[in-house]
Amino acid sequence: MSRVAIIGAAETALGKRPDVSRLALHAEAARLALADAGIRMRDVDGIFSSVADPNELSEYFGIVPRYIDGTSVGGCSTIIQLRHAAAAIAAGYCSVALIVHGESGRSWIDMERPGTAASPVGQFETPYGAAGAATLFALPVLRHFHQYGTTKLQMAHVPVATREWALLNPKAIMHKAGPISPQDVLASRIICYPFNLLDCCLVADGGGAIVVVGPDRARDAPKKPVWAIGTGEGAAHRQVAMMRDFTTSDSAVVSSRQAFAEAGVRPTDFRHIMLYDAFSFTPMLALEDLGFCGRGESGAFVSQVTDGAYHTGPGGALPMNTNGGGLSHGHTGRYGIFALIEAITQLRGEAGARQVKELELSLVHGPGRHFAAAGTVVLTNR
Amino acid sequence: MTAYSGAVPVPTPETQPFWDGAREGRLMLPWCEDCAQPHFHPRAICPHCGGATLHWREASGRGRLHTYVINHKPARGFEDRVPHVIAVVELAEGPRLLTNVEIADPTPEKLAIDMPLLVSFRTLNEKIALPVFRPAP
């Protein structure tokens, strides 16, 4: 692929924001990211969005983009849209791409549930009480436990390591909430077995946006660009029950292989990764599907502690979800943009107390819906 | 009797025979005449081979518990069933479907992965009965 540059990135405040609508969150995110990039709204000629239709945003922002992409496949939509933006810029279809996300996930202002009672989901999932994300994301877990001997205690280490990162990120919702132990996770309220409350992400209102341009325009950017050098996407199904194998996400495998091949990298090349964590188990499956550990080894991988540091935590060899993740930073419903923004922040060297030293390469990967679709990008600052 | 407050499926032309069967206490599956395989959920195209000549056949109703959750935060209509089991069952014929396993006071100890199950039907209204499963006797 031809390299594209991310020259602006910003997220809004996350949390309970009952005074800001879905579209206003998009506007806030767009304004912040454009200011970061030193670009005016009227220079944006490509709109990429999923919680709002691109035409809603053209109207709201008062612009007439010549390229639009409303790919809407769940949480990884923005990650996939970065790939689409790279293709559109390379083709000359747009020159300034704004990938923008806003979601009133908690206050639910101007939000709608997808699907009808006549859709496959409406006919074959929802009537069984499988309505919340916890029920759907939890379904594959016990099959993995059964097949590989993975345990709930091993899984409980994911929110613990992720909380350690949140304590270092002033923007994280759980920044001042203090550390937690695996026992705290197991003792927290049961939501949907095998998930307890602390296995679940924080539902929040918020948004984020990034500005993407080609190499020519990147030279004028106020900040050093972050480059996308490999991208991938995939979609295997819509309903979680239609997973071919509950211990692997076919779309994650397809997506990550493309991204690694394009960038010419392997999992062992990374010292920083952002693996979308809607629930504790979500990044575990990605660690296996992307090849950071072997099949069935994610339980041991995430509970591994060396010299008092988690392998994926502060001081560990493979820092993961360094913003505090969906689990302790915040999750609006579609978290992908926040994973992207954290990787960009790290590659810019702007991550403060949680900064991974001498970082040149990062990975962002996430599922769409419930292991149904997937998006992957490899980023570098060189 | 007050109307059921939970989500009720609305059949489409390609799924109507499935719901007609369920209302009569029969679990129906679409089979492809080209590749001779059944599939679920019911579609107008065979997901195995792309064939479009499908016919309906009653399934055995036997299956195994492939994976499950025990939900403690009930959706609408499930308020009097807390906690309840949401499961994926692998039918003896091969396809898997999402369903409920109806047992009293569900715990992980009562629910072994791959345990044998048998179909049953929960009537929601005059038109719709949901295929659900119970431990096989």
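I began with two helices of chain A. Leu23(A), His26(A), Ala27(A) and Ala30(A) in H1(A) meet Glu56(A), Leu57(A), Tyr60(A) and Phe61(A) in H2(A). I count a contact when two C-beta atoms, placed from the backbone, lie within 7 Å. Helices (H or I, at least four residues) and strands (E, at least two) are DSSP runs, numbered from the N terminus.

The model is predicted: local features need pLDDT of at least 70, side-chain atom pairs count only at pLDDT 80 or more, and totals for chains, interfaces and linings use all residues. Residues are numbered from 1 along each chain as its sequence is written, while chains are lettered from A and ligands numbered from 1 in the order in which they are written.

**Helix pair**

I looked up the geometry next. H1 (residues 22-37) and H2 (residues 54-61) of chain A pack at about 70 degrees, with axes 11 Å apart. That makes H1(A) roughly perpendicular to H2(A), a label for angles of 65 to 115 degrees; under 35 is roughly parallel, over 145 roughly antiparallel, and the rest oblique. Axes are lines fitted to C-alpha atoms, for helices over the stretch in contact, with angles from 0 to 180 degrees between N-to-C directions. H1(A) passes H2(A) in a right-handed crossing, where the near helix is turned clockwise from the far one by less than a right angle.

**Domains and core**

I then checked the domains of chain A. The assignment gives domain 1 (4-111 + 205-228) and domain 2 (131-202 + 231-380); such bounds come from an automatic or database assignment. Their centres, taken over C-alpha atoms, are separated by 23 Å. The contact takes 30 residues from domain 1 of chain A and 32 residues from domain 2 of chain A. Which element gives the most to the side of domain 1 of chain A that touches domain 2 of chain A? H3(A) does, with seven residues.

I also looked at the largest nonpolar core. Of its 155 residues, Leu98(A), Ile210(A), Val211(A) and Val212(A) touch the most other members. Such a core is a set of buried Ala, Val, Leu, Ile, Met, Phe, Trp, Tyr and Cys residues joined through C-beta atoms within 7 Å. Domain 1 and domain 2 of chain A both give residues to this core, so it lies between them. Beyond four places in sequence, Leu98(A) touches residues including Ala30(A), Phe48(A) and Val211(A).

**Backbone spots**

I listed the cis peptide bonds. Tyr193(A) to Pro194(A) is cis, with omega near 10 degrees. Pro194(A) sits in the loop between S5 (190-193) and S6 (195-196) of chain A. Val82(B) and Pro83(B) are also joined by a cis bond, with omega about -10 degrees.

Two residues other than glycine have positive phi: Glu358(A), near 50 degrees, and Asp105(B), about 45 degrees. Are they buried or exposed? Glu358(A) counts as exposed, with 7 C-beta neighbours inside 10 Å. Asp105(B) counts as exposed too, with 6. Buried means 20 or more other C-beta atoms within 10 Å, exposed 12 or fewer, partly exposed in between, with C-beta atoms placed from the backbone.

**Gln123(A)**

Gln123(A) is buried, with 25 other C-beta atoms within 10 Å. Leaving aside neighbours within four places in sequence, Gln123(A) is in contact with Ala118(A), Pro9(B), Val10(B), Pro11(B) and Thr15(B).
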